[in-house]
Amino acid sequence: MGTKFPGKLYPLLLLLPTFVVIGLFIYYPMYQTINMSLYKSLFMGLRQIYVGIENYIELFTSPAYRQSLVRSFSFAGLVVLFSMTISFLMAILANQKVRFARFYRTALIWPYALSPAVAGSIFLFIFNPSVGVLNYLLESTIGIRPDWISNSTLAFAMVVIAAVWKQLGYNIVFFLAALQNVPGDIVEAAHIDGANAFQRYWKVIIPLLSPTGFFLLTMNLIYAFFDTFGLVDVMTRGGPVDATNTLIYNLYRDAFQYSRTGFAAAQSIMLFVIVTVVMIVQLKLGNRTVYYQNE
Amino acid sequence: MKKTQVFIALLVVLVLSASAFAQKIEIVYWHAMSGLAEQAIAEQVRKFNESQDRIHVEVEYKGSYRDTLNATQAAVQTGNAPHVIQSFEISTQQLIDMGIFVPLQETLPEGAVDWGKFLPAVVNYYTFEGVQYSMPYNSSNAILYYNKDVFEKAGLDPERPPETLEEVYEYSKQIVDSGAAPYGLVFPLHSWFVEQWMANIGAILVNNDNGRSGRPTELLATQQEMIDIFNWVAKMYNEGYYINPGVENWSQSRQIFAAQQVGMAIDSTAAVSTKLKAGEDNDFRVGTGFIPIPEGYGRHGSTIGGGSLWVLGVHSEEEIAAAGEFVVFLSGPEIQAQWHKDTGYYPVHIDALELLQEEGWFEENPAYKTAVDQLFESIPSPASFGAAVGVFPEIRTIIVDALQEVFQEVKTVEQALADAKVRGDKAIAEYNRVMGF
């Protein structure tokens, strides 16, 4: 069947643009990052001294970095868990045949269209201990006025809630699309066989949605690890006392606030290794549990 | 024959005028002011471009001070650096160490600027070993703002703002107890205020005379002055008189004051227009006073915050001189007087003050006067010159972290400050190591 390319050079020539793009925009920066991580530097590299693997030793022996690691994993875990569960449930609701369904569906996607900075500011106003809506409601109903800004646990919860909310729209779009693609005859068959609503979801629909779920799991993990620093920056700046200082925010702060590019480069390599390991584990597990219809 | 001559003559004129145009020196200016201040800057640049025909300035807003500085460092490495940038006060030591800027003084002809005509506190901040490194441009410090209506409701004299931190505590107690407002005081949780208090009571932040007589090696976080300030903030927070709007969160802090949730706010003088407008919009009267300081130390006057203008040295001599000329123009009396009215930053030029006085500006706008009066009280000393330390941005995080540890009572004030010193000293040591000191 296959077409034969004339000679060996021709296919290589066709691949060349891809190689150039990948080399220039992925491998070269990667090489630069590794190189940079071997220096202690100031002012975006205008001043630097070679220190070998000292930056890495510092990272491995730093209790603050270890804490940041634990914090990032719990942050990512919570964000992925809640954003996926809530958006799945909301997608089911949005998939119902009700009046104004199209309006609801559009409205559910809106949060995704906001920039992290805007979302962060809005949430700060909601959570503001003295003039915020949330504390007004809490005080008038159960008589408490928690300090979301100064308390580490509450501030962490606040950022998790904002990060979850911000990701809902994205997840709902995919879940909704997947739900609408579930073949009606299969669900109907299950119905006739006597499966109740819960069983139909648990035994039939969710397995059919597992490729989408798996894709979203990957995207949400990447989001939680890499894309949340805007929210953190606007809402808490990593505080109070590092309570929301995730790996990515710590990296950003070292690189762009403290101009310690070398140390930040080492952190970026570490983050790369960590996320790669997580992805490999996930793919291995995914292959066993995800059901692809056309296999 | 005649036609050809006319044509040639025209051609010559054209070429000459074109080359005259091309000879204009192009200067690029990057700044970090958004909103109203950005418009004011555009206007200043327009005035400069119209004031002469040799130099043309291109102005660009580059985001925050940090963004502007990062963009500049990157631009220097790729070879398309701007000529003038605006940078914040705490980057001063870094900018000197970077080696890409020329001291402003060297860009100007001998005697081009009479430094005696500038506010001493402002000039001193940017002078090292007698060399003027950058041009003071937008300078500010911290003052007290208070809500006169809340004061009245609480039974306090609306014309007598508190002068000491102890008084702020007493006033807050009265405001909260009387139900005039839910909290007494707000200010952004920002190390800048700690720095302001330290300077006002004559204490230095880092050793070697605040880094002015030699490279600093220590963060002086464990001295009594610092402990007193921390104890006071902790007491204010724990007893529910101070409301924490978040780390470096100016907008939330201003919102809380505007919503009359507090009787008092400590904020930058650059916020004076915002504060007055909040009072107008929400129907309350705003008073101002000097920043209250800890009792028993005496007032030594403020150090400044804000920014200054730096000339990059990676250009031709001609361009550097033009950049210097532009910078001097921006600090001139008329420009600075208007700048003050637009934003609330000090007029850094003394003649600008006179212009404003003649106009009767300060009589009509007493709130603006407080700031200027406060700066004139500054006694020249390493404390009021301000700290010069390369890792200042990191020190700010360290100080604020320590305050938050105290708020949550995970550490005592002494413990938090001792740990802050260890962190600060380590950061300073690493900076000095990379710089080769």
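1. By class, how many nonpolar, polar and charged residues does the lining of the second largest pocket have? In this predicted model, the lining has 14 nonpolar, 7 polar and 14 charged residues. Here Ala, Val, Leu, Ile, Met, Phe, Trp, Tyr, Cys and Pro count as nonpolar, Asp, Glu, Lys and Arg as charged, and the others, Gly among them, as polar.

2. Local features need pLDDT of at least 70 and side-chain atom pairs pLDDT 80 or more, whereas totals for chains, interfaces and linings use all residues. Residues are numbered from 1 along each chain, chains are lettered from A, and side-chain values use heavy atoms, without hydrogens and water.

3. The volume of the second largest pocket is about 920 Å³. A pocket is an open set of points on a 1 Å grid where a 1.4 Å probe fits, with protein on both sides within 12 Å along at least five of seven lines; lining residues have an atom within 4 Å of a point. The volume is the space filled by probe spheres set on the points, which are joined across faces, edges and corners.

4. Of the 35 lining residues, Ser62(A), Ala64(A), Asp242(A), Arg423(B) and Lys426(B) lie nearest the centre of this pocket. Helix α21(B) gives the most to the lining, with 8 residues. Helices are DSSP runs (H or I, at least four residues), numbered from the N terminus.

5. Each supplying at least two lining residues are α2 (54-61), α3 (63-94), α11 (247-257) and α12 (261-289) of chain A, together with α20 (392-407) and α21 (413-435) of chain B.
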